[in-house]
2 protein chains.
Amino acid sequence: MPALRSWFNIPRGSHFSLANIPFGIISTATSESPRVAVAIGDHALDLEAFAAHNGFSALSTIQPYQAVFSEPSLNAFAALGRPIHSVVRKYIQSVFAEDTPYPDVLKNNSALQKDALFALKDVQNHLPFKIGDYTDFFVGMNHAYNCGVMFRGAANALNPNYKHLPVGYHGRASSIVPSGTPIRRPHGQFLPNPAAEEKVPVYTQIKKLDYELELGAFVCKPNKMGEPVPIGEAEDHLFGLVMLNDWSARDVQSWEYIPLGPFNAKNFGSSISPWVVLIDALEPFKAKGIPNDKEVLPYLKEKDDKTVYDIQLKVDLKTKSGSTGTVANSNGKHLLWSFPQCLAHHTSTGCNLQPGDLLGSGTISGTSAGEYGCLLEQTEGGKNSIKVGDEERTFLQDGDEVTFTGVCGTDEEALVGFGQVTGRIEPALNLGY
Amino acid sequence: MPALRSWFNIPRGSHFSLANIPFGIISTATSESPRVAVAIGDHALDLEAFAAHNGFSALSTIQPYQAVFSEPSLNAFAALGRPIHSVVRKYIQSVFAEDTPYPDVLKNNSALQKDALFALKDVQNHLPFKIGDYTDFFVGMNHAYNCGVMFRGAANALNPNYKHLPVGYHGRASSIVPSGTPIRRPHGQFLPNPAAEEKVPVYTQIKKLDYELELGAFVCKPNKMGEPVPIGEAEDHLFGLVMLNDWSARDVQSWEYIPLGPFNAKNFGSSISPWVVLIDALEPFKAKGIPNDKEVLPYLKEKDDKTVYDIQLKVDLKTKSGSTGTVANSNGKHLLWSFPQCLAHHTSTGCNLQPGDLLGSGTISGTSAGEYGCLLEQTEGGKNSIKVGDEERTFLQDGDEVTFTGVCGTDEEALVGFGQVTGRIEPALNLGY
């Protein structure tokens, strides 16, 4: 399919081509109230302003609902359902198309261009959703295997349930922050000498601060408590995807996680990319995931064998003193279970999901060292170090900035990208105790 | 301290004596919009109506904030902070006192009595808070020990971290429901034959449906992300307590919980009592918890040794055919860690808590069979059955109604009680697969 051409200047290589149209929440110097926008090339189209100036006059479907674009989150827009997301995206594509059937809406309307188009560098991104509940899965099988080998040896690396259900746990919603928010090195309780027979923990600055390369999926369609979502309907409950950095304190994690799972090791901050790429936009990049050699129960069985996405993922690190390096390349394909499977399983005992809930994939690793999605794997728990320019790292140091980049496709005029999610480590507080 | 006497008819033995004044959210036949109320004897005092009719005219502190009483949740009132909760409670006590200094406010004001006092049987209770995040701890040590013996044997019953930190995990906020909401028996993935070498799970109606007797604490004061709450300030971050039934699917739990903890086994529903008992009201019932024989780190060390509450807890079961029985008696004292310790630990890596967040204690069991807070413990995983009238139970059957009752004190004129939290099991849906 040839790239859609636009009358608008969309730079070659932009993640936000006409094939994408991701949604987010912005504010600007001239208007500080957060509102809905889409990203297009180097710009954001403010949909509140666009709607207010009759931008949607040719799209009768959306007219009763235009107030959703003035909301400070995407929750209300997402709750309108996937058919509405689809028509809005297609309409915006047609407004920007070179041969737009609606030239008077924006192409020939310089007043509205001035009021509604902002350079991305001039907009402030906010959290795209008010997140009710956050659930993190563990379906990056290569990561699960590598961690399992470290903790339990190769023979028992994957637990018996791993290939029968998408293993997941509830995460912390309050500490999910948009890209760019600094992450403070936490204090935490951990064992300074885990190998010692006597377990004497300390409470001090953590040493093993790590990132985790994940994808996140936002829920749009709710299900009632007590009513599981059938697997065939699960995809329509998803709004779109972001990149997710689930910052982790490995020293805290290994001490606290038995028997109820990770808690303080992961609830001090998780960062997400600000532009949510719609499920429709990702459709052309569907791919096969990691094959499952177990028979999957019917409530998790998908008709299609392409259920995950071919998203090229990259982790870059920049140190305080300016050394930079790409420390990992991975891909959204490296998942054993798809997001629709995760959602069907999540609701399988009747748990109610709501618009704005976030599902994380768990760390996404490839099969070789340069493809591992966290430092725990890359350094084998800190045993080896990796190169960042002419510096070395086992875990993150103060001042380190971690940036994930994700993009689908190779046609420089039709990329469907996520932009970036970035966060810099600030030194720990002086707690005085 | 002698009981406070009231001009208002508060029946002897009421949980909602003048010593209590718990807060909740109600609606009534005449006004369907949920709003703030307190319970007093057999009645609810509608604080929206009370405020609108100048009920707070003698309390200047609250006047700028009276809009909080028209909110559909306690979040805004709670966020005003403990000093405000204290003065509002004391003022309401003084309004109801026999020798009230404000007789014209309510005692001699039959019009306001008519507008603002509703019989509890005529009010609809709603969830008291909009719950952002829910965290469940596991600090009922007797329960943790008994479960540990079942799963790992007596020698390893408690994990090495157990006495060093309040073990907890993130729960599901969306499925927390007020007392009286029916709970549907879930389907779930589990092993029909866990002992078999080959692990072949099924997805069908769960068999091992259980209750868990817990207390829950609501957060009032937020902390910023990255900033732990010192233990000495932690109590002031708590608004008050409720009883919590954390319904559990034991067959799902034992299959899914390794390595990331309980997930679908506990996210299908949790019930809470509707009236939140303030921390101030519980103060006279402070008691010593379970002694900890480990040295506790300074960030968790409390000055006082009375940090939990002497709350008499009771579990009653009523079957579909009408058999009834008290199946357990326990007490709020049976905790290794207090809620302030749980909160200090929760924030120890910098996790931000917000007004309306809920912390659960975990199941609260005494030391003998009639004091165990769930059926898993009482029946040793279903090996033995318990008597309910002339029926027997290992786990819950359809139509069973579980009711928790909790009360502090023995003076029938000064009880500080929680009322009840109840839920009836509905048969599973016919999913057709």
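Predicted model: local features only at pLDDT ≥ 70, side-chain atom pairs only at ≥ 80, totals over all residues.
**Exercise 1. Arg152(A)**

Solution. 
1. Arg152(A) sits in helix H5 of chain A.
2. With residues up to four places away in sequence not counted, Arg152(A) touches Ala157(A), Asn159(A) and Tyr257(A).

**Exercise 2. The annotated binding site of chain A**

Task: State which residues of chain A carry the UniProt feature "binding site", and which of them the lining of the largest pocket includes.

Solution. 
1. An unreviewed UniProt entry places "binding site" at Phe138(A), Arg152(A), Gln253(A), Tyr257(A) and Thr363(A).
2. Of these residues, Arg152(A) and Tyr257(A) are included in the lining of the largest pocket.
3. Phe138(A) is found in the loop between strand S6 (134-137) and helix H5 (141-152) of chain A.
4. Phe138(A) has a relative accessible area of 16%, so Phe138(A) is buried.
5. Leaving aside neighbours within four places in sequence, the contacts of Phe138(A) include His143(A), Tyr162(A) and Gly362(A). Pro259(B) and Leu260(B), from chain B, are also among them.

**Exercise 3. The annotated active site of chain A**

Task: Locate the residue that UniProt marks as "active site", and decide whether His143(A) is buried or exposed.

Solution. 
1. The UniProt entry, which is unreviewed, gives "active site" at His143(A).
2. His143(A) belongs to helix H5 of chain A.
3. At 4% relative accessibility, His143(A) is buried.
4. Neighbours within four places in sequence aside, His143(A) is in contact with Phe138(A), Glu212(A), Thr363(A), Ser365(A), Cys374(A) and Glu377(A).
5. Phe138(A) and Thr363(A) in that list are also among the "binding site" positions from the UniProt record.

**Exercise 4. Asp210(A)**

Task: Determine where Asp210(A) lies and which backbone nitrogen its side chain reaches.

Solution. 
1. Asp210(A) is in strand S12 (residues 209-210) of chain A.
2. The relative accessibility of Asp210(A) is 0%, so Asp210(A) counts as buried.
3. The side chain of Asp210(A) reaches the backbone nitrogen of Leu375(A) at 2.8 Å.
4. Beyond four places in sequence, the contacts of Asp210(A) include Trp247(A), Ser248(A) and Arg250(A). Cys374(A), Leu375(A), Leu376(A), Phe395(A) and Leu396(A) are also in contact with Asp210(A).

**Exercise 5. The largest pocket**

Task: Give the volume of the largest pocket, the residues closest to its centre and the classes of its lining residues.

Solution. 
1. The largest pocket holds about 950 Å³ of space.
2. It is lined by 35 residues, and the closest to its centre are Phe151(B), Ser254(B), Trp255(B), Tyr257(B) and Ile258(B).
3. The elements that give two or more residues to this lining are H5 of chain A and H5, H6 and helix H9 (375-378) of chain B.
4. By class, the lining has 19 nonpolar, 7 polar and 9 charged residues.

**Exercise 6. The largest cavity**

Task: State how many cavities of 30 Å³ or more the whole structure has, and which element gives the most to the lining of the largest cavity.

Solution. 
1. The search finds 11 cavities of 30 Å³ or more.
2. About 250 Å³ of space lies in the largest cavity.
3. Its lining comprises 24 residues; Leu260(A), Phe138(B), His143(B), Cys147(B) and Gln253(B) lie nearest the centre.
4. S6, helix H5 (141-152) and helix H6 (250-256) of chain B are the elements that give two or more residues to the lining.
5. H5(B) gives the most, with 6 residues.
6. The lining divides into 11 nonpolar, 6 polar and 7 charged residues.

**Exercise 7. Helix H8 of chain B**

Task: Explain why helix H8 (residues 339-346) of chain B is described as largely enclosed, and name strands that cover its buried residues.

Solution. 
1. The buried residues of H8(B) are Phe339(B), Pro340(B), Gln341(B), Cys342(B), Leu343(B), Ala344(B), His345(B) and His346(B).
2. That is 8 of the 8 residues of the helix, so H8(B) is largely enclosed by the rest of the structure.
3. The cover over these residues includes strands S6 (134-137), S7 (168-170), S13 (213-219), S14 (238-245) and S22 (358-360) of chain B.

Notes. Residues numbered from 1 in each chain as written. Chains lettered and ligands numbered in written order. Heavy atoms only, no water. Buried < 20%, exposed > 50% of the residue type's maximum accessible area, 1.4 Å probe, protein only. Helix = DSSP H or I, 4+ residues; strand = E, 2+ residues; numbered from the N terminus. Contact = heavy atoms within 4.5 Å. UniProt positions renumbered as here; feature names shortened; annotations may be inferred. 1 Å grid on protein atoms, 1.4 Å probe; cavity = no way out; pocket = protein on both sides within 12 Å on 5 of 7 lines; lining within 4 Å. Points joined across faces, edges and corners; volume = space filled by probe spheres on them. Nonpolar A, V, L, I, M, F, W, Y, C, P; charged D, E, K, R; others polar. Polar contact = N/O pair within 3.5 Å; in protein donor to acceptor, adjacent residues only side chain to side chain.
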